[in-house]
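I opened this model to look at its aromatic rings and one of its helices. My notes follow in the order I took them.

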Amino acid sequence: MKDMDDSAITRNGNSLILAYDHGTEHGPVDFEPMPKSADPRHVFEVSQHDAVTALALQKGNAEYYRNWQENTGNEGAPLLLKINGNSSLPKREDYYSPKQCSVQYAVEELDADAIGYTMYAGSIHEDEMWKDFREVQEEARKYDVPVVMWSYPRGKGIEENPDYSGQKDPEVVAYGARLGLELGADMVKCKYPGNQEDWERLESQVAELKTVMSGGSKRSDRAFLQDVHDTIEVSGNGLAVGRNIFQREEPGELLDKLEKVIFEGKTVDEAM
Ligand code: FBP
């Protein structure tokens, strides 16, 4: 595990990753509530907020981002190259997320500061994903870039296992976090299991591995901040968020509040 406190994608040991891979994962439906968010340049602009410690992009948008930076002279946030992804278009037998980019291309051609990889443990394709991740993790070590695992256990294996109640089962979420530690990630991104106690359970499984909460669909500022705060209070290290930011008319307002909670140790009331 790398020492992430010195990393380009953390600040005071914590992270706010602005995720913008939704055009791959979900398609245009995620941009419909805020049509300007379909234009990557809008989100590139948003990523310049001080609170954002990394911008997560698929390869095509990462190339666009680097051109945008060069053409506008804007600095933007450090680049987290999301190395695998899949669309919601086909009806699949089970979850699998193929690599769309090599670590070599991400680092040598795009100067990525970090690598992101989605792991669907529990899918019938789990073995294949573990092999893919092994290559990604070992290549990332050669280039000395950190790896963030989007750890989303889901699929038939979990649905059909009577020991678990589904992908939101706190035990499943904690297991997913633990896999980040076992398989060599430097930060793990997990779905919020619904309450602070279950996030604490997750933290008990990962030693010093950095954890970030996954944003989810758009909610009120207060409800969202409360979950983020509750994870930070029990050793969480921040957030990876997409829709709750780019589906807002004024994303900077929520980013101001998140900055207070994630990096300045403020309560939700203070941040509001
Ligand atoms: P959100 O904050 O919008 O949930 O984004 C986080 C994220 O992990 C994205 O990186 C990804 O596109 C999406 O959620 C995947 O969500 P799911 O697979 O649960 O539909």
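**Rings and a helix**

I started with Tyr65: its relative accessibility is 0%, so I put it down as buried. The model is predicted, and I read it as such. Phe44 also has 0% relative accessibility and therefore counts as buried.

I then counted aromatic pairs. With ring centres required to lie within 6.5 Å, the count is 10.

I looked at Tyr20 and Phe246 next. Their rings pair edge-to-face, with centres 5.6 Å apart and planes at 85 degrees. What does this pair tie together? Tyr20 is in the loop between β1 (15–19) and α1 (22–25), and Phe246 is in α10 (residues 243–246), so the pair links parts 226 residues apart in sequence. I checked burial too: Tyr20 and Phe246 are both buried.

I went back to Phe44 and paired it with Tyr65. This pair is tilted, at 5.0 Å centre to centre and 55 degrees between the planes. Phe44 belongs to helix α2 (residues 40–46) and Tyr65 to helix α3 (residues 59–72), so the contact ties together parts 21 residues apart in sequence. Phe44, Tyr64, Tyr65 and Trp68 make up one aromatic cluster.

I also searched for charges over rings. Lys59 places its charged end over the ring of Tyr105, 4.7 Å from the ring centre. Arg154 lies over the face of Tyr95, and there I noted 5.4 Å to the ring centre.

**Helix α7**

I turned to α7 (residues 170–183) and tested its length. Its 14 residues should span 20 Å at 1.5 Å a residue; the end C-alpha atoms are 20 Å apart, so the two agree.

After α7 comes Gly184, and I noted its positive phi, near 100 degrees.

Which residues of α7 are buried? I listed Val172, Val173, Ala174, Gly176, Ala177, Leu179 and Gly180. I then asked what the buried residues of α7 pack against. The helices are α5 (126–143), α6 (156–159) and α8 (196–203). The strands are β5 (147–151) and β6 (187–191).

Notes. Residues numbered from 1 in each chain as written. Predicted model: local features only at pLDDT ≥ 70, side-chain atom pairs only at ≥ 80, totals over all residues. Heavy atoms only, no water. Phe/Tyr/Trp six-rings, centres within 6.5 Å; stacked < 30°, edge-to-face > 60°. Helix = DSSP H or I, 4+ residues; strand = E, 2+ residues; numbered from the N terminus. Buried < 20%, exposed > 50% of the residue type's maximum accessible area, 1.4 Å probe, protein only. Lys NZ or Arg CZ within 6 Å of the ring centre and 35° of its normal. Expected span 1.5 Å × (residues − 1). Contact = heavy atoms within 4.5 Å.
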